[in-house]
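Here is a quick walk through one model, written for someone who likes to know the cut-offs. Have the viewer open while you read.

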Amino acid sequence: MPLPPDFRWQRAAATAPEKDVVAFEGVWVVRLYQDHRGGPYFAALDQHLPQEQQTRRPCSTHKQGRAGAELWIERHQARLRLEIQQQRRLIAATPPPKVP
């Protein structure tokens with residue numbers, strides 16, 4: 001299943017062998033990773049939220065992780081868009097710290 005048009009697969013690092021992050025307007029929402037090379041894959045969901053609100057799911061392979069991530073984004077896309085927009089409004093409304 002393809003991603004909604006405003007979500008994009010990209011590499012978390014230039015040296016990453018495969019596209020392993022899904023971003024909405026540059027903000028990560030899903031990341032596929034291995035704890036160690038050759039180990040199992042995991043999907044970290046809700047990457048835009050604080051760590052205690054993120055969810056980690058095991059994946060049988062990178063390919064299956066990608067497919068699962070795309071299905072998850074399809075189901076949660078409206079919430080993801082709203083939360084990221086709310087975060088941006090909060091940042092824009094927060095005054096910069098005063099420099100002594």
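E25 sits in the loop between β2 and β3, and it has a positive phi of about 50° although it is not a glycine. D46 has a positive phi too, about 60°, and is not a glycine either. D46 lies in the loop between β4 and β5, and it is buried, with a relative accessible area of 8%.

A word on ground rules: this is a predicted model, where local features need pLDDT of at least 70 and side-chain atom pairs count only at pLDDT 80 or more, while totals for chains, interfaces and linings use all residues. Residues are numbered from 1 along each chain as its sequence is written, and side-chain values use heavy atoms, with hydrogens and water left out.

The protein has 1 helix and 5 strands, in the order β-β-β-β-β-α along the sequence. Helices (H or I, at least four residues) and strands (E, at least two) are DSSP runs, numbered from the N terminus. The C-alpha atoms fill a box of roughly 50 × 30 × 25 Å along the principal axes. Of the 100 residues, 35% count as buried.

## The helix

The buried residues of α1 are H62, G65, A69, E70, W72, I73, Q77, L80, E83 and I84. As background, an α-helix has 3.6 residues a turn, so residues three or four places apart point the same way. L71 is also found in α1, but L71 is partly exposed at 41% relative accessible area.

## The core

The largest nonpolar core holds 17 residues, and F7, V22, V29, V30 and I73 touch the most other members. A nonpolar core here is a set of buried Ala, Val, Leu, Ile, Met, Phe, Trp, Tyr and Cys residues joined through side-chain atoms within 4.5 Å. Two or more residues come from each of β1 (7-10), β2 (21-24), β3, β4 (41-45) and α1 (62-93). The most come from α1, with 5 residues.

## The largest pocket

This pocket has a volume of about 280 Å³. A pocket is an open set of points on a 1 Å grid over the protein atoms alone, where a 1.4 Å probe fits, with protein on both sides within 12 Å along at least five of seven lines; lining residues have an atom within 4 Å of a point. Grid points are joined across faces, edges and corners, and the volume is the space filled by probe spheres set on the points.

The lining is made up of A12, A16, P17, E18, D20, R31, L32, Y33, Q34, R37, Y41 and H62. Strand β3 (residues 27-34) gives the largest share, 4 residues. By type, the lining has 6 nonpolar, 2 polar and 4 charged residues.

## Some C-alpha distances

| Pair | Separation in sequence | C-alpha distance |
|---|---|---|
| L71 and M1 | 70 residues | 7.0 Å |
| S60 and L90 | 30 residues | 38 Å |
| V99 and A23 | 76 residues | 33 Å |

S60 lies in the loop between β5 (55-59) and α1, and it counts as exposed at 62% relative accessibility. V99 is in the segment after α1, and V99 counts as exposed at 75%.

Key. Nonpolar A, V, L, I, M, F, W, Y, C, P; charged D, E, K, R; others polar. Buried < 20%, exposed > 50% of the residue type's maximum accessible area, 1.4 Å probe, protein only.
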